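Hello,

Here is the structure I said I would pass on. My notes follow below it; please read them with the model open.

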Amino acid sequence: MAMSGKTSPRQDNLIMSRLRLALERELRARETVVWHGWQLGRLEPLSFGIYIFAVPWTAFSVMWTVLASGAIAMSGDDGPGWIGWAFPLFGLPFIAIGLAMLARPFVPLFQKGRVLYVVTNERALKLSMGRELAVETVPADRIGLIQRFERRDGSGKLQLAVKIGKDSDGDRQTDYFEIGNVADVMGAQEALDRISVSTTTASALAKGQTSPLSS
């Protein structure tokens, strides 16, 4: 398996090495890597827009929990007892949700070196390492419209339409596969374009071979 890129095996950390090994195990016979890229640890300014909602949510949850706890604590020995403490503890899940929203924009920092995007001659893959290995894969013949979002330095992300159908209400619905925040986003699209053309050509040849001959 040949994987070109800015990161060599000698520069890999333990997680990156495990992802490379996982990819080698994932590849089929005669399947080769055309392009690969690691998730960049870059913060997105627009993602902090969630703070408009997250900050007041968290502040209110903390204030409510503190005031409720204070009221229970000041009730004295004749207070509601340990059952009464369930009332302020009810606010803890809301605090946890608020903290999760506040931490969400920093997720890319955690994902750096833990997410590997790969384009082979047969499909696109996303391998991510958290508590366990997660592998997402899309065959080349399911890749449709590709949208590229590119920055001045050549980094960016791709959004691939992989399925177009209808939901339960009969409305049109499109599923997407995303290659997100990689250093060489143009290279990723060029690789996808090549395998898409190859797949289309192979499909056309197969149909030509199986179609009946006209007399």
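Strand pairing and the sheet

Gly-37 has Tyr-117, in strand S2, as its bridge partner. This is one place in the pairing of S1 with S2, which run antiparallel and are joined by 5 bridges. Two strands are said to pair if DSSP finds at least two bridges between them. Helices (H or I, at least four residues) and strands (E, at least two) are DSSP runs, numbered from the N terminus.

Before going on, a word on the source. This is a predicted model, in which local features need pLDDT of at least 70 and side-chain atom pairs count only at pLDDT 80 or more, while totals for chains, interfaces and linings use all residues. Residues are numbered from 1 along each chain as its sequence is written, and side-chain values use heavy atoms, with hydrogens and water left out.

The protein has 6 helices and 7 strands. Read from the N terminus, the elements run α-β-α-α-α-α-β-β-β-β-β-β-α.

S1 and S2 belong to an open sheet of 4 strands, with the order S1-S2-S3-S4 and antiparallel pairing. Strand S1 (33-38) and strand S4 (133-139) are at the edges with a single partner strand each, so one side of each has no neighbour in the sheet. On average, neighbouring strands of this sheet are turned by 15 degrees against each other, direction ignored. Helix H1 (residues 14-26) packs on the sheet and touches S1, S2, S3 and S4. The direction of H1 makes about 145 degrees with that of S3. For such angles, axes are lines fitted to C-alpha atoms (for helices over the stretch in contact), and values run from 0 to 180 degrees between N-to-C directions.

Strand S2 (residues 115-120) and strand S3 (residues 123-129) run antiparallel and are joined by 5 bridges. Val-119 has Ala-124 in S3 as its bridge partner, and Leu-116 stands opposite Leu-127 in S3. A hairpin through 2 residues joins S2 to S3. S3 in turn pairs with S4 in the antiparallel sense over 7 bridges, where Ser-128 has Ala-134 in S4 as its bridge partner. S3 and S4 also form a hairpin, with 3 residues between them.

Burial and contacts

Buried means under 20% relative accessible area, exposed over 50%, and partly exposed in between (1.4 Å probe, protein chains only). Of the 215 residues in the protein, 31% are buried. In S2, 6 of its 6 residues are buried. Val-115, Tyr-117 and Val-119 lie on one side of S2, and Leu-116, Val-118 and Thr-120 on the other, so both faces are covered.

Contact means heavy atoms within 4.5 Å. Among contacts between residues at least 6 apart in sequence, 61% join residues at least 24 apart.

Thr-58 lies in helix H2 (residues 51-73) and is buried, with a relative accessible area of 8%. Not counting residues up to four places away in sequence, Thr-58 touches Gly-98, Leu-99 and Leu-102.

The loop between H1 and S1 holds Arg-28, which is partly exposed at 48% relative accessible area. Leaving aside its neighbours within four places in sequence, Arg-28 is in contact with Glu-122 and Arg-123. The C-alpha atoms of Arg-28 and Glu-122 are separated by 9.4 Å, with the two residues 94 apart along the chain.

Arg-30 is also placed in the loop between H1 and S1. Its relative accessibility is 80%, so Arg-30 counts as exposed. Phi of Arg-30 is near 70 degrees, a positive value in a residue other than glycine.

The largest pocket

A pocket is an open set of points on a 1 Å grid over the protein atoms alone, where a 1.4 Å probe fits, with protein on both sides within 12 Å along at least five of seven lines; lining residues have an atom within 4 Å of a point. Grid points are joined across faces, edges and corners, and a volume is the space filled by probe spheres set on the points.

The largest pocket has a volume of about 550 Å³. Its lining has 23 residues, with Glu-44, Pro-108, Lys-157, Glu-178 and Asn-181 nearest the centre. Helix H5 (107-111), strand S5 (146-150), strand S6 (156-166) and strand S7 (172-182) each give two or more residues to the lining. S7 gives the largest share, 5 residues.

The lining divides into 9 nonpolar, 6 polar and 8 charged residues. Here Ala, Val, Leu, Ile, Met, Phe, Trp, Tyr, Cys and Pro count as nonpolar, Asp, Glu, Lys and Arg as charged, and the others, Gly among them, as polar.

Asn-181 lies in S7 and counts as buried at 9% relative accessibility. Phi of Asn-181 is near 50 degrees, a positive value in a residue other than glycine.

Regards
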